[in-house]
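Keep the picture open beside the text and find each part as it comes up.

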Amino acid sequence: MKPENIVPITELKRDAAALVERAADEQDPIIITQNGRATAVLQDIRSFKRERDASAMLTLCLQGERDIAEGRTISHAEARKRTKALFQRFAASKK
């Protein structure tokens with residue numbers, strides 16, 4: 001974290017638009033401090049979505065690993081069969 005990306009809440013109050021623009025341009029979060037302690041993060045929306053998507057993907061991977069370890073798996077052929085049935089039901093519901 002760059003020191004210039006740690007700002008007091010008074011700076012946020014005084015110049016929010018410039019901080020939002022800086023966060024968007026640099027795509028680097030800005031830590032907001034209050035009474036010398038980190039209390040919030042200002043982040044551009046693209047970086048936020050990218051991090052949220054990465055977190056969701058990691059959660060799914062971890063769940064998959066857990067499922068494998070606990071024997072909750074199906075064959076590739078069964079997965080294809082179930083997926084095909086889902087698509088068929090979806091297509092039929094759109095008619």
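Is Gln43 buried, partly exposed or exposed? With a relative accessible area of 23%, Gln43 is partly exposed, because the value lies above the 20% limit for buried and below the 50% limit for exposed. Please keep in mind that this is a predicted model.

- Three strands form an open sheet in the order E1-E2-E3, and their pairing is mixed.
- At the edges you will find strand E1 (6-8) and strand E3 (37-42), each of which pairs on one side only.
- From one strand to the next, the twist averages 35°.
- Strand E2 (residues 30-34) runs parallel to E1, and 3 bridges join the two.
- To see that pairing in the model, look for Ile6, which stands opposite Ile31 in E2.
- The pairing of E2 with E3 is antiparallel and covers 5 bridges.

- Which residues make up the largest nonpolar core? The 6 residues are Val7, Leu19, Ala23, Ile30, Ile32 and Leu42.
- H1 and E2 are the elements that give two or more residues to this core.
- As general background, nonpolar side chains tend to be buried together in soluble globular proteins.
- Beyond its neighbours within four places in sequence, Leu19 is in contact with Val7, Glu11, Leu12, Ile30 and Leu42.

**A closer look at Leu12**
- Leu12 is found in helix H1.
- Leu12 is partly exposed: its relative accessible area is 25%, which is over the 20% limit, so Leu12 does not count as buried.
- Leaving out residues up to four places away in sequence, Leu12 touches Leu19, Ile32 and Leu42.
- Between the C-alpha atoms of Leu12 and Gly71 there are 51 Å in space, and the two residues are 59 apart in sequence.

**Gln43 and its surroundings**
- Gln43 is found in the loop between E3 and H2.
- Along the chain, Gln43 and Ile30 are 13 residues apart, and their C-alpha atoms are separated by 6.4 Å.
- Setting aside neighbours within four places in sequence, the contacts of Gln43 are Phe48 and Glu51.
- With Glu51 there is also a polar contact from side chain to side chain, at 3.1 Å.

**Helix H2 from start to end**
- At the start of H2, a side-chain oxygen of Asp44 comes to within 3.3 Å of the backbone nitrogen of Arg46.
- After H2 comes Gly71, which has a positive phi near 80°.

Notes:
Residues numbered from 1 in each chain as written. Predicted model: local features only at pLDDT ≥ 70, side-chain atom pairs only at ≥ 80, totals over all residues. Heavy atoms only, no water. Pairing = 2+ DSSP bridges. Helix = DSSP H or I, 4+ residues; strand = E, 2+ residues; numbered from the N terminus. Axes fitted to C-alpha atoms, helices over the stretch in contact; angles between N-to-C directions. Core = buried A, V, L, I, M, F, W, Y, C linked by side-chain atoms within 4.5 Å. Buried < 20%, exposed > 50% of the residue type's maximum accessible area, 1.4 Å probe, protein only. Contact = heavy atoms within 4.5 Å. Polar contact = N/O pair within 3.5 Å; in protein donor to acceptor, adjacent residues only side chain to side chain.
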